[in-house]
Amino acid sequence: MVPFNLLLLACLGYVVFLFLIAFLVERRAERRRIAWLSSPLIYTLSLSIYCTAWTFYGAVGYAVRSGLEFVTIYLGPTLVFVGWWWMLRKLVRIGKTQRVTSIADMISARYGKSNAIGVIVTLLAVCAITPYIALQLQSISLSFAVFAATPSAEGLVLPDLGDTAIWVAAGLAIFTILFGTRRLDAKEQHHGVVIAIAVEAVVKLLALIAVGVFVVWGVAGGPADIYARIIANESPDWEVLPGRWAGLTFLAAVAIVTLPRMFQVLVVENADERHLATASWAFPLYLFLISLFVMPIAVVGLDILPEGMNPDLFVLLVPLALGQDELAMLAFLGGFSAATSMVIVAAIALATMASNHIVVPLWLQLRGPEASGDMRSLVLNARRLSILAVLCFGYVYYRVTGGGEALAAMGLIAFVGMAQTLPALMGALFWRGANRIGAGAGLVVGLVVWLYTLFLPSFGPDVLLSAQLMQEGLFGIGWLRPQALYGVEIADPLLHSLFWSLALNTFAFCIGSVLTFPTPLERVQGAQFVNVFDIQTGTRGWSRGAGEAEDLLVMAQRILGATEAQGFFQAEAMAQGKAGYLPDTTPDFLDRLERRLAGSVGSATAHAMIAQIVGGSMVSVEDLMAVANETAQIMEYSSQLEAKSEELARTARQLREANEMLQKLSVQKDAFLSQISHELRTPMTSIRAFSEILKEAGDLPPEDASRYAGIIQDEAIRLTRLLDDLLDLSVLEAGRVQLKIEDSTLRTLIDRALVASGSVAPHRSFTIDRDAAAEDIALRTDIGRLAQVFINVLSNARKYCDAERPRMDIHVREAGGMVTVDFVDNGSGIPKKSQALIFEKFARLTDQMQAGGAGLGLAICREIMHNLGGEISYVPGQGGAAFRVSFPAVLPGEITEGTASDDEARAVAQAG
């Protein structure tokens, strides 16, 4: 017998091994080095999540009790992958185009992005998967108990290791939280978890094959002897019942697409649609191999083990009984892999559904889309709490039911529960007339019937349903008995529940869809789902000209993070031929934004958040019907005209914007020429006047002569500074500037800029918030020129930030050799109409006579950054004026001797 302490050590070592694999893969994924991770082999192995502890342990117990009936659990998925893989391909294609994150998200997206539908599916999934998680906890606890058992005359006496389940649940929760909720991924893909599942798939397959090979050739005399043992042990319970076989095969086929964990790996984690072609034969092959030795292990266990032993544990008991401790240890790790992988992925899927369809919508309803704060932390914390809640539910179910049910029976309860999503899912894929009223009615009816006829009775009499109710029916009505509904008695409670729940579910779904009309959005989504292979463009469900881009940017940053959201908006603006971060809120843009957000919070929540900002104006039914009635030629012609019209409109808009900017620049140039002439005339007049006094007044006192000479010097310096700025800008624009390459650190550079800019408006108390550790970046560039840019930005903030208690946040990040520094103050920011002009020459947003400069500072900064291989830009939607300076950490070139003092002085002069 394997010592129990050694078993625990092996178990912990295996978990640490999985931790390391998942951690290393996550690190590579963050660096985008995941090509080999996205292979058909990894995808196929991840599908083995279907093979849980039920398959590893329970299949042998199922074979002992019911003969070859266990084959139905493998036959259903095999038929789907071999014969219906085109349907799986449709699911995957829709998942990618709609950026769905779960089965609840897909169903709600199809039916008008209705969050109510998502909530129903989420609650159904939680109820259905709870017994399945309890099954995994029971299997792990039983496997531990086998190794802690004590021999007796009757065989092994298993101790009560009920407390083992809670420790297992806690450990699985930690692993799932660490690698399933590390970040809010826009694709909701978890590379570390997937590769860990693939490793576990290999372990459990090798373990079961190893036990099988030992049983067939090490214990029995080969396949012929196994066949003889099967004939000798044949039981009346092994009779093949065609009706039950058909029902269980259908149920297993449904489960392969409706179980949350299967949808997660099949659709959400799919990296390439072409991987399904490999999986269509490789996954059935995996199922064949893992089921190949089930019957031999069952009959050998019946022959050599004492009567009354739990057949669900034969995979462990047979090697132990024959002194094969190492093989038993391998079998234990295989079963442990089968159970843990299911719990991890199921918990991730359910947590995603709960956060996207329950927690976030409630938060939006209570706080609104304009509530401040980073919403990513809310979503991630909601998922972490959901994972804990899901595992707690599984543990409570395990303890309440006493773990007395056979593993197969507990798994089938979950299968029937998730089968209630089938009518709504198939309607989503193939029936454009299906709508949310029908889907909601079918789901609610199916959920209620399943709960009443199968789930609640599984706890046993007088636990949740009284024995009297189960015998006499609800309110004493005989035809409402849970296991003889409508007076129809089916010997098998499972098939009874499957038949009535799906029949009434489908009936309600069809009636609800026929008697009510879909909304315009449902019509659009129906076309997108049903005709997914024919549609090449995105949904155009939003009306034109809705909402403010800056408000949408603020909302997107709270979900995607500032960097990703700003990058998306900047790319959209560039595609429209605009500079900056604020594209026009066209229907196409809103649709792409919605799908980008849907990858993190689900389609229903993303749609609701955008609708609250833009007003939710949608296309009308008449517009949709008109489009539907157009012929193919007219549609093509219309599409071409629309494309040309949009191109002309875009060109006209660009010309109009250019003309408006030229007019503004012309006005600014006139004002600048007036100001520059004033600036030149004033010092020249002073110099002339005081020089004449010095010339004509021969008996002038020495102190007056010195004071007049000082005034002449100050005015000359002022005049020289203005001419230097103009010359500096001219040299920078011509690209003739000579850079002084030096080594320094970003922290030193920012320190220098803060000290230099402190001379501007020194009476103002300015709070600086910075992360010194993040600034520890080595630089090799023109430090003086870069300091000139930093000083200009900081000085402007000191002068113009209108907050009562001014504050400057300096955020630094480095990626791919590029350094990005954000300077964000807490003032009112720059007006939207002026944001496109601030980097132009002569641009000043304040009164021309009071600004204190010629309006060349930011224009010079822009040209400096261009010469340094970077850029400076204004970032809207940050709560105040926000400038982003990006530049390479290392600028090619030789280190040059020089000092940055002149550049710093020039920057202070430009700003003040």
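## A tour of aromatic rings and one surface patch

The structure holds 20 aromatic pairs (Phe, Tyr or six-membered Trp rings with centres within 6.5 Å; planes under 30 degrees apart are stacked, over 60 edge-to-face, the rest tilted). This is a predicted model: local features need pLDDT of at least 70, side-chain atom pairs count only at pLDDT 80 or more, and totals for chains, interfaces and linings use all residues. Residues are numbered from 1 along each chain as its sequence is written, and side-chain values use heavy atoms, leaving out hydrogens and water.

Select Phe332 and Phe336. Their rings are stacked, 6.1 Å centre to centre with 25° between the planes. The two are four residues apart in helix α16 (residues 325-367), so about one helical turn separates them (helices are DSSP runs of H or I, at least four residues, numbered from the N terminus). Phe332 is buried at 0% relative accessibility (buried is under 20% relative accessible area, exposed over 50%, partly exposed in between, with a 1.4 Å probe and protein chains only). Phe336 is buried too, at 8%.

With Phe332 and Phe336 they form one aromatic cluster.

Next, select Phe568 and Phe569. Their ring centres lie 5.9 Å apart and their planes meet at 75°, so this pair is edge-to-face. Both residues are buried.

Last, go to Leu515, in helix α22 (residues 493-515). Leu515 is exposed, with a relative accessible area of 65%.
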